[in-house]
Structure formats: structure tokens, C-alpha cells
Amino acid sequence: MSVAMSNPLVVDQIAGQSIIDLARRFGTPLYVYDAATIATRIDDLESFDVVRYAQKANSNLGILDLVRRHGALVDAVSAGEIQRALAAGFKGGFDEPPHIMYTADIFDRDALEQVVAHQIPVNCGSPDMISQYGQRCPGRGITLRINPGFGHGHSQKTNTGGQQSKHGIWHTQLGECIERAKKHNLSIAGLHMHIGSGTDLEHLSQVCGAMEQAALAVGPSIHTISAGGGLPTPYREGDQRVDLDAYYSLWEAVRHRLAAAFGHKITLEIEPGRYLVAESGSLIAEIRAVKRMGENTFYVLDAGFNNLARPILYGAYHPMAIAHKAATGGRDKRDQVKTHPVIVGGPLCESGDIFTQEDGGFVRSRELPEATVGDFVVIGAAGAYGAVMGSNYNSKPLAAEVLVENGRANLVRERQAFADLIRGESIPG
Ligand code: LLP
């Protein structure tokens, strides 16, 4: 299956809701998520035994509840994410497969307390985690996250394999970790590899061979293998969706061979974050100034990198469209809309606060329709690593978030108030 995506340049609705109405009702900047898109993306992966949502991509309780209702299980990377999973109705415990799984490279003290208190199975990304868990919970099963010695991501910052990465247990230390686990009477019940985020089929496929080798080295205590996350999602016009059938068949073959070697069933997990939620999300921001600087035209929005950090962090590309304040109705076709080059930036007091930048901070313009103050820019494919990476820089409140499901727009996060910004602060004396 491969579908090219086509981005309109003028929009008036998201998930059947009028953008002007959403902006009027909830204010801007506003994240809007389409539940149906997330449900479809979960269904795409139904061949895998377990779809374990990497909630770091978007851990809003409304989204967690939605993925749970659609049959996905969940991954947690911190004490906070464990608590979010529990608050959204996932259960702790050692069911097979477990609802919640803790995957990280360390336990901070809170996380260790949480996994013990709520019986959350752990996927250890360092030898130290094995010992620290073993001291608290001897006799349990654990899984190991292995760094296979190579990795790949959409940016060097999202490549989680190879020796320059801090992630996972280095593949040549597997034997030592088996010994360490034995010492604590922990059995190694599964292996996991995640080589990076926003990678491609070619690199993802290389993991299969590394997984098979590592699992054979551990032996029949292995009951689960996890392919990790990393599935790419379309951001640019013409981006192809990854060939999931081809990807699944590679893993299916590995699972089969391991099951034959061990004489028991092997559960195959996948752990996507971006793939499930990126396309569902849009960030609506109001144009508050249209400025000309020499040859350049800027649309300056009420949303900045405090709301969506991917462009400044990775030079990430997000599709953009204009929603005019006096909507004409209907979606214009790209070739019928008159465009001009604009640079799109935010309100923050920092020159890097530009949404149309490339890796290295190079500012680029984007062909967008004419727009004036009070019109909206809709930044697309923003459902993953958008709101969750928001900050209060320049004392800006975190944006409100709305989840549209069955034709209803539900507020799933209120915009922060000033009181939220200063909570916990005090003036000494
Ligand atoms: N599993 C593990 C162990 C991970 O570290 C990650 C992502 C995932 C799964 C999910 O990866 P995904 O399917 O979303 O590619 N902020 C960056 C992405 C950082 C990814 C961190 N780990 C971005 O905006 O591109």
C-alpha cells in the first residue's frame, strides 16, 4: 500500500469542523486531532500481534484513551507516562502482553518506585537497569532493548542506534547482561530494538537480522520480540506511505524462524508513536502581523516554537495551509490558488522562531496564498511531537487541544492560564 499525500493550500475545515468556529470557540494557538485518522493508522498495523503506542509522541489523556479503545497497548518512558497510562485506563500487571511497558535507558528514582508499585514490566536499556530492577523485583521476566550497532532517523538527533547513541544495551554486551539477569533470577522474556525515529524501510529491515541473531543468542526464554517504532509518516507533498505489508512479512519470517527454533509461539510487537498520531493533528494559529522585510514577506503567527519545536530542532517540514477568516467554503485545488513566497514565524523573542526553516537554521520561504491579519495558518501533520514538546518559553501558555470524534469537538486540554505558569514559584522573604 502506498498513498501519495496531497496537501491543499486553502482549507476551511478539519475533521468536518469549521476552522473559524474552532478558533472562535477554543482560541488559538489550538491543536486539533482527528480521532478517525488515528483509528485508521492503528488498523493499518493489525497484522502485528501487539501495537504498543509510544505515548511520547502525544500523551494527552484523550489520545491515550482513544488508542486504548482501539485496541493498542502503551509504552511509557517515565514515571509521568506510567501515571498518564494508568489515568487513561491502561492497567499495570504482568498480563501477556502487558498493557503498559516501561522502556528507558535509566530508572530515575520516581520511575523505579512506579514500576514496582504498579507492577509495570520493564524493557531495560542499560545493564544498570537490570541490576536495579533485580534488586527490587527478583524472579520477574524482563525484556532487553538492544542497540544493534547501527541506527537511522529523519535527523541525526533522532538516530538511536550506533555507538554515538546512548540508547539500548550495546549488542556485544548481551552475554554479560544474560549473566547479570541470572544473578538476580530475572529471566529474559523478550528483546526490543528501536534504531531511530522517522527512518525508512531499508534501515528498518536491517533490524530483523540483528534481532534474529540476538534472540538465538538468548535462547528459548524469549517469548516476545519488538520491532520498536520509527515508521515514517508523510509530511511533504508526494511523500509515500511506508510499505507495511513488506515490513510485516520481514518480521513475520523472523518470528517464524524463532518460533521453530524455540518450539513455542513468539509474540511480535511494534511500537509506533509518530505513525499513529502525526497525520491526525493540526496546529491552528492566527496571523497577527504581515511584515515586509526587504524582499521577504513574513506571516507572524500567535504560535511559535513554544508550541511546535520540530522546525527549530530538526529543520522539520510541516505542510501549511491558509484558512481565511471569511471562508468561501470548499477546498481549493492547489493549482487554482494564487500563491506567493512567505516566511512563517512565531511571536517568540528569538530569530530562530521560524516554522519554514531547514536543518541548520536556514530560513526558507514557502509558497502560500495571500492572507491578512486575522486569517489562520493551519500547520499539518503536527499530531506527533507537537504539543508534547511545547514549553512555556517567553511565559506563553501551552496551547489548548481538541479531539474531534464522531463529529464532536471535545476539549482535551485547556489552554494554560497565568496561574499555571507561576504555580510553585515564590518570591523569597
Ligand atoms: N520506541 C522508542 C524506544 C523510542 O525511543 C521512540 C521514539 C519510539 C518508540 C517512537 O518512535 P516513532 O515511531 O515516533 O518514530 N521528537 C522527535 C522524535 C523523537 C523520537 C524519540 N523516540 C521528532 O519530533 O521527530
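Predicted model: local features only at pLDDT ≥ 70, side-chain atom pairs only at ≥ 80, totals over all residues.
Residues are numbered from 1 along each chain as its sequence is written, and side-chain values use heavy atoms, with hydrogens and water left out. Local features require pLDDT of at least 70 and side-chain atom pairs count only at pLDDT 80 or more, whereas totals for chains, interfaces and linings use all residues.

The ligand is surrounded by 20 residues, a residue being included if one of its heavy atoms lies within 4 Å of the molecule. The closest are His154, Ser197, Glu271, Arg310 and Tyr385. Polar contacts are pairs of N or O atoms within 3.5 Å; within protein, one atom must be able to donate a hydrogen and the other to accept it, and residues adjacent in sequence count only if both atoms are side-chain atoms. A polar side-chain atom of His154 is placed 2.6 Å from a ligand oxygen atom, and a polar side-chain atom of Arg310 likewise lies 2.6 Å from an oxygen atom of the ligand. Arg274 contributes a backbone N or O atom, at 2.7 Å from an oxygen atom of the ligand. The ligand taken alone exposes 580 Å², of which the protein buries 92%; accessible areas were computed by the Shrake-Rupley method with a 1.4 Å probe.

Helices (DSSP runs of H or I, at least four residues) and strands (E, at least two) are numbered from the N terminus. Helix 6 (residues 127-136) packs with helix 7 (residues 174-183) at an angle of about 5°, the axes being 9 Å apart. Axes are lines fitted to C-alpha atoms over the stretch in contact, and angles run from 0 to 180 degrees between N-to-C directions. Helix 6 is therefore roughly parallel to helix 7, a term applied to angles under 35 degrees. The contact (heavy atoms within 4.5 Å) involves Pro127, Asp128, Ile130 and Ser131 of helix 6 and Cys177, Arg180 and Ala181 of helix 7.

Most peptide bonds are trans, and most residues other than glycine have a negative phi. A cis peptide bond joins Thr28 and Pro29, with omega of about -5°; Pro29 is in the loop between helix 1 (19-26) and strand 3 (30-34). The bond from Glu96 to Pro97 is also cis, with omega near -5°, and Pro97 is in the loop between helix 4 (79-87) and strand 6 (100-104). Ala15, although not a glycine, has a positive phi of about 50° and lies in the loop between strand 1 (13-14) and strand 2 (17-18).

Key. Parallel < 35°, antiparallel > 145°, perpendicular 65-115°, else oblique.
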